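Try each task yourself before reading the solution.

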Amino acid sequence: MELGHIYAFQGDPIALDYINSALDLRPASTEAWYHKGIYYQSKGMIGEAAEAYENLVKNDPDGFLGHYNLGYLYLTESDQYETALAYFDTVLSIQPQAIDAMYNRGVCYEELGDEETAEAVYREVLDQDPQHTMAAKGLSRLLD
């Protein structure tokens with residue numbers, strides 16, 4: 001798994017051989033599914049990344065990483081804001097202080113045209129982290 005992680009970080013396709021070997025040994029390895037998703041995502045292979053994250057969620061339904069990354073893919077790659085919102089809500093039910101999931105909820109609401117809720121979410125993010133630049137920019141977009 002460690003070699004897969006190293007090669008994935010370098011963008012080397014051999015990373016998948018190592019990651020898949022780890023999955024052959026431990027098919028429920030959340031670490032391997034996560035790294036497989038990250039690798040595919042970094043290569044722009046969104047369908048494959050989503051499949052890896054879905055396996056991560058299946059094997060670790062109470063972990064937030066699979067839910068977060070699926071939400072992020074739906075938000076940024078397919079403009080499926082309601083689906084993304086549901087994933088970010090799940091993340092926050094697991095880890096209420098996941099500030100980036102909270103921020104991304106604001107982006108979803110903004111994209112859905114619900115500016116009032118988006119503003120409230122951005123303000124909540126800034127209440128918890130006054131230095132959150134992206135939330136400040138989101139709020140600024142809404143107030144301009």
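Predicted model: local features only at pLDDT ≥ 70, side-chain atom pairs only at ≥ 80, totals over all residues.

Residues are numbered from 1 along each chain as its sequence is written, and side-chain values use heavy atoms, with hydrogens and water left out.

**Exercise 1.** Find the salt-bridge partner of Arg 105 and work out which helices the pair ties together.

Solution. 
- Start with the rule: a side-chain nitrogen of Lys or Arg must lie within 4 Å of a carboxyl oxygen of Asp or Glu. The count by this rule is three salt bridges.
- For Arg 105 the partner is Asp 89, with the closest N and O atoms 2.6 Å apart.
- Arg 105 sits in helix α7 (residues 99-111) and Asp 89 in helix α6, so the bridge ties together parts 16 residues apart in sequence.
- Finally, check accessibility: buried means under 20% relative accessible area, exposed over 50%, and partly exposed in between (1.4 Å probe, protein chains only). Arg 105 is buried because its value is 15%, while Asp 89 is partly exposed at 35%.

**Exercise 2.** Describe the salt bridge between Glu 119 and Arg 123.

Solution. 
- The two side chains meet at 2.9 Å, N to O.
- Both residues belong to helix α8 (residues 115-128), four residues apart, which is about one turn of the helix.
- Glu 119 is partly exposed at 24%, and Arg 123 is partly exposed at 38%.

**Exercise 3.** Classify the ring pair of Tyr 74 and Tyr 87.

Solution. 
- Rings of Phe, Tyr and Trp (its six-membered ring) pair if their centres lie within 6.5 Å; planes under 30 degrees apart count as stacked, over 60 as edge-to-face and the rest as tilted. This gives five aromatic pairs.
- Tyr 74 and Tyr 87 are 5.7 Å apart, centre to centre, with 10° between the planes, and the pair is stacked.

**Exercise 4.** Is Asn 69 buried or exposed, and which residues does Asn 69 touch?

Solution. 
- Asn 69 lies in helix α5 and is buried, because its relative accessible area is 8%.
- Leaving out residues up to four places away in sequence, Asn 69 touches Tyr 34, Ile 38 and Tyr 53, where contact means heavy atoms within 4.5 Å.

Notes: Helix = DSSP H or I, 4+ residues; strand = E, 2+ residues; numbered from the N terminus.
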